[in-house]
Amino acid sequence: MDTNLARHSLALLARFLSGASVRWVDSQPDTCQRVYFANHTSHLDAIVIWSSLPQEVRMITRPVAAKDYWTAGAVRRYLATRLFNAILIDRTEIKVHQSPVDIMIREIGQQYSIIVFPEGGRATGINPEVGEFKSGLYYLCKKRPDLELIPVYIDNMNRILPRGEVLPVPLLSCVTFGPPMWLEKGEAKTDFLERARQAVRKLKEND
């Protein structure tokens with residue numbers, strides 16, 4: 001199957017399985033270089049955000065994902081490397097000048113946007129709170145302050161694919177894209193990370 005056709009088919013399948021509706025709040029789809037940063041409750045989160053973007057945006061947007069999970073098995077490896085062109089991060093072997101931030105900056109160049117999950121691990125529970133953000137988002141923006149940041153809130157994905165399950169449970173979810181933001185000049189790391197976290201939480205409250 002042609003790769004572009006396979007990608008389109010995967011996007012349709014992901015939207016169907018997740019039942020995802022898409023909202024843009026004070027923002028709109030754009031092919032400019034962006035960092036989509038979202039809450040994280042399911043292994044399907046990256047695919048659902050990716051599939052929620054228009055095709056021309058989706059083609060230049062790469063999820064950042066854990067290498068150990070997405071290379072465990074031929075199907076996952078094919079999906080990650082061939083279809084949604086993920087940037088795979090090795091969480092067990094981080095070297096000088098090969099940090100996750102360095103890898104992301106090298107891989108996106110001046111063309112690609114990325115999807116990241118600043119909480120790090122997945123949140124659990126029926127109605128999980130957006131956890132504190134790790135420092136990677138700050139250092140990424142410190143090195144590339146030109147990147148436009150788009151907060152994203154995904155609702156209900158933890159129920160569609162609960163932790164430990166393999167097959168999704170058909171339910172409705174919603175993906176909300178918020179207004180753009182940037183790292184401000186001289187902004188402290190803790191202030192920026194909390195501002196970014198609150199931008200995602202605000203989308204949850206307005207859901």
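1. In this predicted model, the charged end of R58 sits over the ring of W50, 5.5 Å from its centre; a charge is said to sit over a ring if NZ of Lys or CZ of Arg is within 6 Å of the ring centre and within 35 degrees of the ring normal. The charged end of R62 is likewise placed over the ring of Y112, at 5.2 Å from its centre.

2. On the basis of the values: residues are numbered from 1 along each chain as its sequence is written, and side-chain values use heavy atoms, with hydrogens and water left out. Because the model is predicted, local features need pLDDT of at least 70 and side-chain atom pairs count only at pLDDT 80 or more, whereas totals for chains, interfaces and linings use all residues.

3. The structure holds eight aromatic pairs, where rings of Phe, Tyr and Trp (its six-membered ring) pair if their centres lie within 6.5 Å, and planes under 30 degrees apart count as stacked, over 60 as edge-to-face and the rest as tilted. One of them is the tilted pair of W50 and F84, with 5.9 Å from centre to centre and 55 degrees between the planes. Since W50 lies in helix α2 (residues 45-52) and F84 in the loop between α5 (74-83) and β4 (87-89), this pair ties together parts that are 34 residues apart in sequence; helices (H or I, at least four residues) and strands (E, at least two) are DSSP runs, numbered from the N terminus.

4. Both W50 and F84 are buried, that is, under 20% relative accessible area, with exposed meaning over 50% and partly exposed in between (1.4 Å probe, protein chains only). The rings of W70 and F84 have centres 5.4 Å apart and planes at 90 degrees, so this pair is edge-to-face. W70 belongs to helix α4 (residues 67-70) and F84 to the loop between α5 and β4, so the pair ties together parts 14 residues apart in sequence. W50, Y69, W70 and F84 form one aromatic cluster.

5. S113, in strand β5, is buried, with a relative accessible area of 1%. A polar atom of the S113 side chain lies 2.7 Å from the backbone nitrogen of R34. Leaving aside neighbours within four places in sequence, S113 is in contact (heavy atoms within 4.5 Å) with residues including C32, Y36, I60 and R62.

6. In helix α7 (residues 136-143), L137, Y138, L140 and C141 are buried. Seen down the axis of α7, its buried residues fall within an arc of 165 degrees, so they line one face of the helix; the arc is that of the directions from the helix axis to the C-beta atoms.

Key: Polar contact = N/O pair within 3.5 Å; in protein donor to acceptor, adjacent residues only side chain to side chain.
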